[in-house]
Each structure stands twice: as structure tokens, then as C-alpha cells.
Amino acid sequence: MQGCELQSAESTSLDVNSSVPKNVWITFVGPAARSVSEALSGPSVVVLQEVPRAEEVTAQGQDTVKRAQKVLKSYRIVLLGRSRSGKSSLANTIFGEEVFKIHHKPICGTSECQAESRSIHGRRITLMDTPGFFNGPEEELKLADIVRCSSEFTPGPHVFVIVLKADKFAEQEQDVVTKICKCFSDDVLKYALVVFTHGDQLSKGMKFEEFVDQNEFRADLVKKCGGRCHVVDNRYNQQGGYRSKQFQVEQLLKTVDKMVMENKGGCYTDKMLQAEKRGVAGNRPQRDTSNKEINGASKKMWIKLTGPAAESVAEILFEIVVLGKTGAGKSSLANTIFGENVFKTSALPVSETSECQAKSTIVKGKRVTWIDTPGFFDTGRSEEEMKPAIVKCITESAPGPHIFLIVLKVEKFTAHEKAVIETIKQYFSQEALKYATVLFTHGDQLDEGMEINQFVKQSPDLCSLVESCRGQCNVIDNRYWKNPQDEYRSNEFQVAELLSTIDKIFEANKGGYYSTEMLQLMNKEMIVLLGKAGNGKSSLANTILGEPTFKVNHFNDLETCLSQSVTKSINGRSLMLIDTPGFFGPDRSEVDMEKDLWSIVIECAPGLHAFLLVLKLEKFTEHEQAVITHMCETFSEDALNYTIVVFTQGDQLSEGMKIEEYVDKSDGLRDLVKKCGGRCHIFDSKYWKNTQEDEYRSNQFQVAELLNTIDKIKKNKLFF
């Protein structure tokens, strides 16, 4: 068994004695998951299958041969809408095959909830088709059934898709939305997106954003759903481009990815539903325990234990990653909490922990997996060696740690301690601090009668750090507080306080964890190309990537009509380049352009690393100045702190001249580059492909220089 994770659930109306306090969900992962779950199966056990997230998992078989298995991100999606709005057809379009039965009759074809699962586009998707709203005299029963099925979609749907026809927004569409909110509460829209079907009804050349804005109620709905909307035509598939089924399904799934990430992997749970609408769905019936297969054997099993002994059988599991400077006392701290010498300690100035080490035990009724890491700034190792060793703890603690424990000594908060925090943010992002708490060692250094919160208040930097960690901090003394002097200066008391802090963070994050997806996002450098139409943004992106990935049309300067992104490894680093439509294109209003640009920034959560402002090597006119003004009006002038000015058509540069000299000849360019921190580069996508005698006039050289400049931005500022 490779791992085990738990998720607590509220008691439901399963047919058990009313004295049963709780249900506990356990996930068994690994080759033995099925056999273990089958061995435990009984009248009080419900076994469900869940396909894990997208990552490579290596399993050691009995034949000692390592086998790598690709497992997928798993999403549960509920389709809601009027009868004949196209829910079943949409489900088939998403799956790319006829899975749900379609009835082309005046009556609704879907009479009861139906769920099917398929693996598509690197994801494991379970779609639940539901009866249509306003479907005859039994509508209230149907609504109750929809709510019941959604609450049984254990532990809850990740996304609700509100399906509407792309036609005149009638009063019935408004009633659909009203009934959805009545059934599930207004909070459901935080987990919802809107899909318009019958996309062929859109006027030629019209984007769905324009269509949405034509109706006030429709625009308000999309706004309440976080701006998430798509259009699909289930019947007519146009080849390539914006109106093709494949393109729209890919965009829809990207929106789902983004929603799940923004909700920290959480879902709309039965607890949320019951808190708002007790009794709407009636008593929850006995869940089917037949354990039907979902396309073959699963490597991950959910087991629900019920009964008075449920919590004692399955203690709550916390995975804790411990971070800190060499000599801060991380390993000693683990031994204090575990009550035994589990990790090796040393008083030497080099880190005793050279690789991540994990140990598990039960501490005060909670199963704790403690992942000790090498110390930051170990004198015996370079940062290039340290980062992979520390980051490895995330990938090896799948699905991810619940808590980062930042260990500091009770001492002056100096530049060294600040550097530790900055390094943590560079490795894991600011987002990681939402999963973090600060723990101080050497508690005997506290003044008599002083508590740790009072110590923290003496330093503005410490106050800021603790505030970023949800205001949580604790203190322990690995040496002198073993025998209590007073209650506060007792390790037993402080360990209990630490576990209480962990409970609070766990609850605040809704049981979520810092996932490998968050880490991958952190390690991916997201770069947006901006500029006037025809300035060569797409060609520049291809030059940086080293291959013709973005389409370039030399006869139509306005080829890029939608934002496009490509991720590729360049010089050992993962770059996502996002090409955008040109400013002031004839077919796009400023409002549309602003919406598109902000949607890109949001999609790049937790943030993008750099803007490449693309200009031609030509006279700096009022048109170029208008681009800068529009950019600053859209994002604020702070965007210039993340901006690099990149010139194209470098062959126009006078022989022997460098771009800095060219910039210095123009007051407008000089002022712009100065506002961008002096950052500017030059490329020529046509003539500088081959190695030049002049190294400077080589795209390969300029790409390396550009990446160095991006590194400097990242060092000073993590994200825009």
C-alpha cells in the first residue's frame, strides 16, 4: 500500500443507528488498494473508486520490476439546464462519443440522473446528466432527485455546468437559474460555469462574449459565475479555429482546471448543501455498495467507515513538511513531537539531513507523517543542489502536504531568516504560506513570563510573516521543556497547541493540500507577449521556442484573433508563452481587449512572471505610445516592473550598434525602457537564425540573455 489519506464527512442518513457519530473516508493508494479494500468490505463499509490526479506514479511489483503508470486529474461535473437545452448532447461532445442517449422528441429524453466516466485530454471526467427543468407535472420530484444525486456524487461535484441555448434569453432561462440557486444556494455559482449550446445560432464573426453582453440578465449570470462561459455547437463541427468542437472542449476543460485550482481542489459538498437547504432533497438514501468498475481496475480506493469506532480505526492524517535553516532544530523538533529519537541530530554546522526523510506515527489521536528536509543555506551544498532535494518532498508526498512547518529559533530576525522565507516563497510561491505555520525552537530564550505572540510583536518582519501564515505560530524547547516548569513552558502543552493550530489551518483550507499541480505551476514561467498587431509577436514566440508553434500569416497581420499558449522546455526550464491579439485590431473593441487580457492574468494564477512588450525597430510614434498607455490603464503602471521591451526586425539595426544605443536616440523609447528597469532585447526572426560572426546578432544568444533578464525579475518580484 503506497499511501493513505482521509477525509472526514458529515453523518448522512444511511440506515445505521442514530448513535453513530461520524463517517470517515480513507483513500488507499497502490497495487494492494483493491485487495485491502475488499478485505475490509462489510455491512458498514462503502467502497468507491477514485482516479488520482495527473502525475507519474512508480509502483514496485512483486517481480521487483518498476512500472510507471499515468494517472489522471479526476473531476466530477454535473450538467444542469432546461429540457432540450442540449445537456446530453454536450456530454457526448465532451466525451467525443455517443455515451448518453439523445431523444429528438418534444419531451425530455433524460428522465433520471445518469453518470458516466471517460478519460479525455489527460483528465478523468465523470459527467452526471440530469433531468431537464420544467419537465411536466413531476418537476418538484425531479428537482429533488437532481439535488439528491448531486449530494451523492461523493464527496461532491467539482463543477456545475449550467447549459443554456444560444438564442434569445427568455424568461424560462432566468427561472432555470433561480431554481438552481433555490435548490443548491447562491454559493453554487462559485462552482459553476455557463455553456451555451447551438453555437451555430451566433452571427458570423460574433464571439460569445459579445453575445453574452447583449442581455443584461445573461451578462449578470456569467459575472456571478466568475466570467466563466463557453459556447459549443453539438451538431455542426467547423474544422479548426474558434468554432470547432475540439477547440471549445479544450477551452472548457481549461476553465474546469482553473476553477478546481481556485477552489483548492475542493468541491460543492453535501455539507454545504444541507447547511443551506435542509430537507430539499429529502433523506439521503442508502448508497449503492455494488462497487461498479469505472473502466477497469483502479489504483486508488475510497473506503467509508461508519460506526462508533470509525474514528479510532482511521485517525486523521496530516502530512507535514518541515522547512528551515540548518541548525534551527528541525530534526530535534520531530523527536520532541514523536516522543522518541526518530531522526538523527547533530550539533555540527552542516545539515545532518541531506535528503528528505519521512516518518509516521500517531500523536494525540492524529496520524502524522513528518517530512524532514535538508536545511537552507547548508554550507556544504549549493542552492542548485538544495532546491531539487527540498522540492522533491512535494512530489513524494502525493497528493501533497497539508502543512508547511517553518522552523525558526527564538532569536533576532536577521537577513538570514528573511532569506529563508524568501527562498521558501521562491520554491513554493506565496500561496504556500496559506498552508504554513511558524514554529519557534529554543523556547528557553523567551524572557520569563513572555509568550511567543509577545515575542513576535517585537519584530515587524516576524509579525508580517506570521500574519501571512494565517496568524498562527507556536513555540517548543527541545532541550529544557521536557519537564514542565509551568503549563506554557511544557512541550506536552505546546505539542497539543501545535496540533490545534494544524487543525485550524486544515479547516481553513477545507481539508486541501499544497498539490503537485501548484508546484508545477510555480516552476512554470508564464510569459505574456503584448504589442500592436503586426509587430511580430507570434514570430518572436516561435523564435524563443525554437520551432514554428504559433501560426504566422505574412499576408495578414491580424492572424492572432484569440490568445494562444504553448508550454515547452527551453534551456532546462519550463516556459509558457502566451501570444495575444494585437492592440487596436479593427475587429476588437478596447473593452473586449481588456477582458481578454485580464482573463489571461487570472488564468496564469498564482501570477505571471513577465510581459514581453513587442515593438518593431522603427520610429517610436504616437501609436506605440498608445500601446503603452493602454497597457498601463489595463494593468496599472506596476505592470512595467514586470515588463521587458523586445524589438523585432533586428536586421534594421545599424552595423555594430546595440539596442541600448538605438533606444538612447529616442526620448520616448529611453523613457519607456527606463520605466521597465532598463530591460530591453532585440531579435530578428528572419535573418538571425543562423549563427552570425557577431554573437550579438544571434537569436540563440538573445534568447539566453532574455531568460537571464526574466530571472532578475523573478528574483526581485515573484508574480504580477
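Colleague: Is His 442 buried, partly exposed or exposed?

Modeller: His 442 counts as partly exposed, at 31% relative accessibility. Buried means under 20% relative accessible area, exposed over 50%, and partly exposed in between (1.4 Å probe, protein chains only).

Colleague: What kind of model am I looking at?

Modeller: This is a predicted model: local features need pLDDT of at least 70, side-chain atom pairs count only at pLDDT 80 or more, and totals for chains, interfaces and linings use all residues. Residues are numbered from 1 along each chain as its sequence is written, and side-chain values use heavy atoms, with hydrogens and water left out.

Colleague: Back to His 442. Where is the place of His 442?

Modeller: His 442 is in the loop between β17 and α13 (452-457). Helices (H or I, at least four residues) and strands (E, at least two) are DSSP runs, numbered from the N terminus.

Colleague: What is phi of His 442 near?

Modeller: Phi of His 442 is near 60°, a positive value in a residue other than glycine. Most residues other than glycine have a negative phi.

Colleague: And Ser 636, what is its phi near?

Modeller: Phi of Ser 636 is near 85°. That is a positive value in a residue other than glycine. Ser 636 is in the loop between α19 (622-635) and β23. Ser 636 is partly exposed, with a relative accessible area of 33%.

Colleague: Let's zoom out. How many helices and strands are in the protein chain?

Modeller: There are 22 helices and 24 strands. The protein chain has 720 residues, and 52% of them count as buried.

Colleague: What share of contacts joins residues at least 24 apart?

Modeller: The share is 72%, among contacts between residues at least 6 apart in sequence. Contact means heavy atoms within 4.5 Å.

Colleague: Rings next. How many aromatic pairs does the structure hold?

Modeller: It holds 15 aromatic pairs. One of them joins Tyr 435 and Tyr 514, edge-to-face, at 6.2 Å centre to centre and 80° between the planes. Rings of Phe, Tyr and Trp (its six-membered ring) pair if their centres lie within 6.5 Å; planes under 30 degrees apart count as stacked, over 60 as edge-to-face and the rest as tilted.

Colleague: Why does that pair tie together parts that are apart in sequence?

Modeller: Tyr 435 lies in the loop between α12 (415-428) and β17 (436-441), and Tyr 514 in the loop between α15 (491-508) and α16 (516-523), so the pair ties together parts that are 79 residues apart in sequence. Tyr 435 is buried, at 0% relative accessibility. Tyr 514 is buried at 0% too.

Colleague: What do Phe 647 and Tyr 662 form?

Modeller: They form an edge-to-face aromatic pair, 6.1 Å centre to centre with 80° between the planes. Phe 647 lies in strand β23 (residues 643-648) and Tyr 662 in helix α20 (residues 659-664), so this pair ties together parts that are 15 residues apart in sequence. Phe 647 is buried, with a relative accessible area of 1%. Tyr 662 counts as buried at 19%.

Colleague: Which residues do ring pairs link into a cluster?

Modeller: The cluster links Phe 376, Phe 404, Tyr 427, Phe 428, Tyr 435 and Tyr 514.

Colleague: Now α10. How many of its residues are buried?

Modeller: In helix α10 (residues 330-338), 8 of the 9 residues are buried, so it is largely enclosed by the rest of the structure. Among them are Leu 333, Ile 337 and Phe 338. Gly 339 follows α10, and its phi is positive, near 75°.

Colleague: What lines the second largest cavity?

Modeller: Its lining is Lys 325, Ala 328, Val 407, Leu 408, Lys 409, Glu 411, Glu 417 and Val 420. The volume of the second largest cavity is about 50 Å³. β16 gives the most to this lining, with 3 residues.

Conventions:
On a 1 Å grid over the protein atoms alone, a cavity is a set of points where a 1.4 Å probe fits but cannot get out, and a pocket is an open set with protein on both sides within 12 Å along at least five of seven lines; lining residues have an atom within 4 Å of a point. Grid points are joined across faces, edges and corners, and a volume is the space filled by probe spheres set on the points.
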